[in-house]
Amino acid sequence: MRDDATDMRERIDAIYRADSRRVLATLIRLLGDFDLAEEALQDAMVAALEQWPVQGIPANPRAWLVSAGRFRAVDRLRRRVRFDATVAAVVAGLDAREMSAHASALAEDDDGVADDRLRLIFTCCHPALSPDARIALTLREVCGLTTEQVASAFLTPVPTLAQRIVRAKTKIRDARIPYEIPERADLPERLDSVLHVIYLVFNEGYMASSGASVTRPELSAEAVRLGRILVELLPEAEALGLLALMLLHGARDSARASDAGEILLLEEQDRSLWDEARIAEGVALVERALTSRRFGPYTIQAAIAAVHAEATTAAETDWRQIVGLYDVLLRAAPSPVVELNRAVAVAMRDGPASGLELIDDILRRGELDDYRLAHAARGELCRRLGRLDDAIRAYERAASLASQEPEQRFIAGRLAALREGRPPSDPEPPKSAVPQHVG
């Protein structure tokens, strides 16, 4: 039987998952230092665990955590002030601000966009930082991914990635990069990096890189929220296209896993569970972006997602149109992952042998050797062709690279069937070789 203490702890944990990164973003703005803000957030959470079970959860937990974190940071600095004159100046600046102003700032819009996380993204994406550093720092500080998870996404050793993040923080501090949304004239040069980061945030929410769940809904919801703010701030075609892409993929969320939490591929999903309002909004945004004639890769990906979303059954999917859109995407933004996705679409249009030939060409180049979905796609196409030994080897390689538990179970199920010697038995060929996601 559950007790009150367990219930309270779960409520506090839920608040931390939902609000911690927004609290951190506000603390970074108030304190002007990434590391000090992270310490302040942890101090605030310790205080919450001590006080909320006794006093009750406050009406505005986020404002409470900001206040508690700021006060504890000031106390921490005061203890150091006798040793460092620069710390004294920081403390004086913090003391000059009234806490009531900080609390009200959480709910008010003081420059047209009341969102500290968007400010933080623009800070992390400053042109003074290298492109890799911008993305790594944002995924770590804005999204809350661990250094290990970010390193995995970059296919980079953890120590190298950690040094990259430290250098980026130091550059922001030493160059006094302002924590603000830039002037409208300066927005376009920062837009590509910001769009890329929001895209990666959504990807991690839509198909978690590790853990017990298929999705991290708090991240995908946050990415959509930031995307909407960005469209209001700068309604460029690619901002519209990215928001459309996120809405169209997110419309399938409730159908992407079984009640037991197992992955359901696109052809297995109950399309009556798809969110028709999101699909309609996404399709309208795609059309708006396309008519601008200034669109790019996000809009093309959104157009592909729209073709999937508008098919009333898996069998009605227009794979010819999807392959054509991937051809356009490859010209606009060539990458081995786009080639892989196109190969899967070709397999659906022309048969598994055609798709497998393309995937083998990609893998021979070595560019996706450590990408689990490339091996899963190869395994699925070999399975459909009756090449069971090749399918087993491909799925074994995918299993060695997978870190998300539902994906591990999905691959293990495929391997178990193959090792029992069961040939492909689908009444229709699968409509996707890999779990559908944005990557």
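Biologist: What share of the contacts in the protein chain with a separation of 6 or more is between residues 24 or more positions apart?
Modeller: In this predicted model, such residues account for 66% of those contacts. A contact here is a pair with heavy atoms within 4.5 Å.

Biologist: What makes up the protein chain, helices or strands?
Modeller: There are 20 helices and zero strands. Of the 439 residues, 51% count as buried.

Biologist: How do you know how far to trust the model, and what is its mean pLDDT?
Modeller: The mean pLDDT is 83, with 86% of the residues at 70 or more. Residues 96-114 stay under 50, and the model gives them 25 contacts beyond four places in sequence. The pLDDT is also below 50 over residues 424-439, a stretch with 55 contacts beyond near neighbours in sequence.

Biologist: How many aromatic pairs are there, and why is the pair of F202 and Y206 called stacked?
Modeller: The whole structure has three aromatic pairs. The centres of the F202 and Y206 rings are 5.6 Å apart, and the limit for a pair is 6.5 Å. Their planes stand at 20°, and stacked requires under 30 degrees, so the pair is stacked.

Biologist: Where do F202 and Y206 lie?
Modeller: Both are in helix 10 (residues 187-206), four residues apart, which is about one turn of the helix. In general, an α-helix has 3.6 residues a turn, so residues three or four places apart point the same way.

Biologist: Are F202 and Y206 buried or exposed, and how do you know?
Modeller: Buried means under 20% relative accessible area. F202 has 2%, so F202 is buried. Y206 has 1%, so Y206 is buried as well.

Biologist: What makes the charged end of R256 count as sitting over the ring of Y206?
Modeller: The charged end of R256 is 3.6 Å from the centre of the Y206 ring, and the cut-off is 6 Å, together with an angle within 35 degrees of the ring normal. The charged end of R252 sits over the ring of W274 in this sense too, at 5.8 Å from the ring centre.

Biologist: Why is the contact of R29 with D116 called a salt bridge?
Modeller: The N to O distance is 2.6 Å; the definition asks for a side-chain nitrogen of Lys or Arg within 4 Å of a carboxyl oxygen of Asp or Glu, so the pair qualifies. R29 is in helix 1 (residues 4-31) and D116 in helix 6 (residues 116-124), and the pair links parts of the chain 87 residues apart. The structure holds 27 salt bridges.

Biologist: How are R29 and D116 classed by accessibility, and why?
Modeller: R29 has 24%, which falls between the 20% and 50% limits, so R29 is partly exposed. D116 has 9%, under 20%, so D116 counts as buried.

Biologist: What makes K169 and E38 a link between separate parts of the chain?
Modeller: Their side chains meet in a salt bridge at 3.6 Å, N to O. K169 lies in helix 9 (residues 158-174) and E38 in helix 2 (residues 34-55), so the pair ties together parts 131 residues apart in sequence. K169, at 14%, is under the 20% limit and therefore buried. Salt bridges with shared partners join D35, E38, E141 and K169 into one network.

Biologist: How do you know that the span of helix 11 is close to the one expected?
Modeller: Helix 11 (residues 217-233) has 17 residues and reaches 24 Å from its first C-alpha to its last, close to the 24 Å expected at 1.5 Å a residue. Among its buried residues are L219, E222, L226, I229 and L233. The cover over the buried residues of helix 11 includes helix 1, helix 6, helix 10 and helix 12 (237-250).

Biologist: What makes the phi of R176 worth a remark?
Modeller: R176 has a positive phi of about 50° and is not a glycine. In general, most residues other than glycine have a negative phi. R176 is in the loop between helix 9 and helix 10. Its relative accessible area is 74%, over the 50% limit, so R176 is exposed.

How values were computed. Residues numbered from 1 in each chain as written. Predicted model: local features only at pLDDT ≥ 70, side-chain atom pairs only at ≥ 80, totals over all residues. Heavy atoms only, no water. pLDDT = per-residue confidence, 0-100. Phe/Tyr/Trp six-rings, centres within 6.5 Å; stacked < 30°, edge-to-face > 60°. Helix = DSSP H or I, 4+ residues; strand = E, 2+ residues; numbered from the N terminus. Buried < 20%, exposed > 50% of the residue type's maximum accessible area, 1.4 Å probe, protein only. Expected span 1.5 Å × (residues − 1).
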